[in-house]
Amino acid sequence: MSTDAPAKPELGEINKYNFRTETTGVFKAEKGLSRDTVNQISDIKNEPDWMREFRLRSLEIFESKPTPTWGGAIDLDFQDIYYYLKPTSGQGRTWEDVPQEIKDTFDKLGIPEAEKKFLAGVKAQFESEVVYGSLEEDLAKKGVIFTDTDTAVREHPELLREYFGKIIPPEDNKFAALNSAVWSGGSFIYIPKGVSIDFPLQAYFRINAESMGQFERTLILVDEGANVHYVEGCTAPMYSTESLHSAVVEVVVKRNARCRYTTIQNWANNIYNLVTKRAYAYGDATMEWVDGNLGSKLTMKYPAVHMMEPGARGEILSIAFSSAGQHQDAGAKLVHEAPHTTGQIVSKSISKNGGRSSYRGLVSVMPGAHHSKNSVVCDALILDSESRSDTYPYIEVAEQDVQIGHEASVSRIGEEQMFYLLSRGLTEQEASTMIVNGFIEPLVKELPMEYAIEMNRLIQLQMEGSVG
Amino acid sequence: MTHVLKIENLHVSVGDKPILRGVNLTINHGETHALMGPNGSGKSTLGLAVMGHPGYEITEGTITLDGEDVLAMAPDERARAGIFMAFQRPMAIPGVKMADFLRHATTNVRRPDRKEGEELIPMREFRKELKEKMEHLRMDSEFARRYVNDGFSGGEMKRAEILQLAMLQPKFAILDETDSGLDADAVRLASESIADIGHQKMGLLIITHHDKLLEHNPPEFTHVMLGGRLVETGGPELAEELHRHGYDRIRKAYPDAAAANEEMLGEETEEALA
């Protein structure tokens with residue numbers, strides 16, 4: 001990795017972050033999707049042929065697949081979206097090199113002060129490409145690779161060619177195909193054998209250009225006996241026209257390794273958030289998805305773990321909060337591909353002001369996956385009579401000798417609970433926020449402390465104005 | 001100025017059923033009042049009506065605190081005005097830690113004008129105070145990290161209510177059977193704690209069936225409720241008499257109220273069986 005100091009950004013370059021002014025040096029692809037758009041993206045990134053071909057093949061698959069009719073209502077004009085924006089000509093490497101505007105954005109996003117210690121490990125995706133990224137030195141010494149995926153295509157072709165698009169091939173679904181055709185940015189992480197990272201690696205990003213799609217692509221490889229916790233969180237400012245976020249996240253957790261992937265997303269109300277996340281966990285490996293979904297117009301996201309070898313473990317903890325005009329169709333997928341594998345899903349959803357939350361989950365025990373254990377618990381909290389919650393659990397079991405459990409509950413904030421808190425001087429809003437925070441506490445306590453605080457703050461913002 | 005909680009001609013209905021039928025009660029700050037009476041006579045209803053439970057409709061009468069109209073206040077405003085009720089069956093709030101809940105409550109009650117979102121009592125200061133109060137009540141410090149009333153034993157719930165009384169330091173406290181479900185030792189501890197926290201320091205209305213809770217809190221006044229009315233008021237000797245001999249004398253002396261009580265109790269039993 002180069003240690004050369006990058007050129008300091010000049011003042012004029014700061015305008016590059018204002019995407020509504022066309023500035024020289026900023027490339028903004030035309031609206032719409034075609035072979036030309038895809039070729040153009042590949043040209044600008046100066047990609048090897050295999051990636052260009054992958055993109056073009058993915059485009060064909062995208063075009064051949066119908067828009068899914070299950071889940072939520074998708075009303076998108078694919079020709080009215082920008083598929084690529086390049087925010088800056090170079091990447092910042094040190095905090096000092098990061099333009100003030102971006103620092104201000106970080107502040108607005110509320111990146112906790114405590115995290116700045118770990119800024120060397122922070123990747124922040126601004127618009128559709130990583131603009132700042134630096135790797136803490138001792139990580140590099142351990143052989144850890146933490147970079148943006150574009151760079152990884154150039155610098156680590158052997159790993160990328162082996163794993164990229166293998167866990168989630170473009171054939172998987174329409175939006176995975178779309179991402180595969182036009183992806184940009186995202187993180188690539190490789191943790192070598194036996195290396196354990198004892199602080200969370202994190203990424204922050206946001207969408208802020210009108211009608212712009214964001215298609216980041218993340219690939220995480222955790223080698224045998226290694227351990228990593230990756231955290232992504234993001235907030236998005238409000239815009240008036242439809243916007244699309246469609247990410248693909250692939251994770252490989254090898255024998256005896258452990259990976260936790262934590263997401264907190266708080267999208268603006270007009271954003272379609274259609275994400276495919278899947279992990280393969282091998283012998284005695286553990287994969288955990290911790291997934292918090294707030295905001296967006298429609299979220300469809302079902303993090304998956306395929307347990308490929310005996311002893312593999314998959315855990316998915318998900319939470320959805322939907323308010324007026326929002327539909328969270330979120331859930332989880334656990335596929336037992338081998339015997340003696342263990343899976344667990346805990347899902348919590350909150351609906352208010354006419355919001356709709358759905359839990360959609362699949363538990364699949366494949367032939368041969370005997371002695372598998374699986375438990376699903378989903379709890380829904382509905383705050384008013386206009387809001388809605390649904391549960392769609394799918395269970396497919398091809399073996400006899402398995403343990404499968406499913407529990408579901410739907411509740412409302414009880415009048416007696418409310419009265420109890422009010423009688424202690426809490427206002428109605430404080431009381432309902434407290435009850436909601438308590439409801440999601442099992443998830444929040446799994447988050448790093450700074451994120452737990454932010455999560456509670458997001459809930460508080462969501463709850464504002466929700467009471468009479 | 002001495003604070004005064006004044007209840008005049010209070011009529012309360014639940015659904016369409018009248019429960020309280022004209023209650024008059026004045027509590028001055030520093031006084032201890034015992035409220036006794038058979039099951040179903042309306043003792044808890046009085047407490048819940050004073051606290052502002054939405055299920056209890058005031059059909060007639062007034063409640064004032066230092067002349068201010070309590071009935072015009074929402075329950076949280078009543079708490080901030082200095083009224084407290086220790087519940088017979090406090091609600092569990094899963095996922096909410098006692099310490100967080102108490103920090104919010106204590107801040108709001110001590111700073112009645114605090115706007116939502118404004119700073120809470122500083123964490124360090126609050127923790128110190130909470131720790132002291134808990135030690136004083138012989139409560140394990142682990143208690144502060146448990147979820148509010150979630151999985152608490154009956155005794156733990158009552159202790160938690162007393163802890164809240166200690167933290168919130170209200171002007172007036174209604175303690176609704178804070179002795180029920182406790183063994184003799186626990187009742188003695190509760191009685192001592194209440195005396196320590198509240199006796200002569202606030203106006204206390206102690207609802208109880210027994211005299212043990214009153215051991216350290218000798219009441220200046222004992223009121224007997226029957227059929228939704230306070231039919232008799234006396235001193236500490238009345239509490240003792242009722243504890244020893246029950247309510248037969250009262251029932252005979254006030255046959256109308258006794259009949260009303262039977263009727264209310266009958267309906268309650270029907271509901272419980274339904």
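Guide: Happy to, and keep in mind that this is a predicted model. Let's start with B:V4, which lies in strand β1 (residues 4-14) of chain B.

Visitor: Which residues is B:V4 in contact with, leaving aside neighbours within four places in sequence?

Guide: B:T26, B:N28 and B:D66. As for B:A99, it sits 95 residues along the chain from B:V4, and their C-alpha atoms are separated by 31 Å.

Visitor: How do you know that β1(B) and β4(B) pair?

Guide: Pairing needs at least two bridges. β1(B) and strand β4 (residues 57-65) of chain B have seven, in the antiparallel sense, so they pass. One example is B:H11, whose bridge partner in β4(B) is B:E60.

Visitor: And why are β2 and β5 of chain B called edge strands?

Guide: The open sheet has four strands in the order β2-β1-β4-β5 (chain B), with antiparallel pairing. β2 (17-28) and β5 (68-69) each pair on one side only, hence the name.

Visitor: Still in chain B, what stands out about phi of B:N149 and B:E177?

Guide: Phi is positive in both, and neither residue is glycine: near 55° for B:N149 and near 45° for B:E177. B:N149 is found in the loop between α4 (123-136) and α5 (154-168) of chain B, while B:E177 is in the loop between β7 (172-176) and α6 (184-198) of that chain.

Visitor: Are those two buried or exposed?

Guide: The cut-off for buried is 20 or more C-beta neighbours within 10 Å. B:N149 has 22, so B:N149 counts as buried. B:E177 has 21, so B:E177 is buried too.

Visitor: Over to chain A. How do you know that the span of α9(A) agrees with its residue count?

Guide: At 1.5 Å a residue, its 17 residues should span 24 Å, and the end C-alpha atoms are 22 Å apart, which agrees. There is a kink of about 35° at A:G438, shortly before the proline A:P442.

Visitor: What makes α9(A) "mostly covered"?

Guide: Twelve of its 17 residues are buried, including A:M434, A:I435, A:F439 and A:L443.

Visitor: Where does α9(A) come into the contact with chain B?

Guide: Across the interface, 21 residues of chain A are in contact with 23 residues of chain B. α8 (415-422) and α9 (428-444) of chain A are the elements giving two or more residues to chain A's side, and α9(A) gives the most, with nine. By class, that side has nine nonpolar, seven polar and five charged residues.

Visitor: Why is α7(A) described as covered as well?

Guide: Helix α7 (residues 174-182) of chain A has eight of its nine residues buried. These pack against α1 (35-44), α2 (49-64), β9 (217-222), β12 (248-253) and β14 (271-281) of chain A.

Visitor: Last one: which residues of the largest nonpolar core touch the most other members?

Guide: Of its 192 residues, they are A:I189, A:V222, A:V253, A:C259 and A:A281. Beyond four places in sequence, A:A281 touches residues including A:V253, A:V305, A:M307 and A:M308. In soluble globular proteins, nonpolar side chains tend to be buried together.

Methods. Residues numbered from 1 in each chain as written. Chains lettered and ligands numbered in written order. Predicted model: local features only at pLDDT ≥ 70, side-chain atom pairs only at ≥ 80, totals over all residues. Contact = placed C-beta atoms within 7 Å. Nonpolar A, V, L, I, M, F, W, Y, C, P; charged D, E, K, R; others polar. Core = buried A, V, L, I, M, F, W, Y, C linked by C-beta atoms within 7 Å. Expected span 1.5 Å × (residues − 1). Bend = angle between axes of the 7 residues up to and from the residue.
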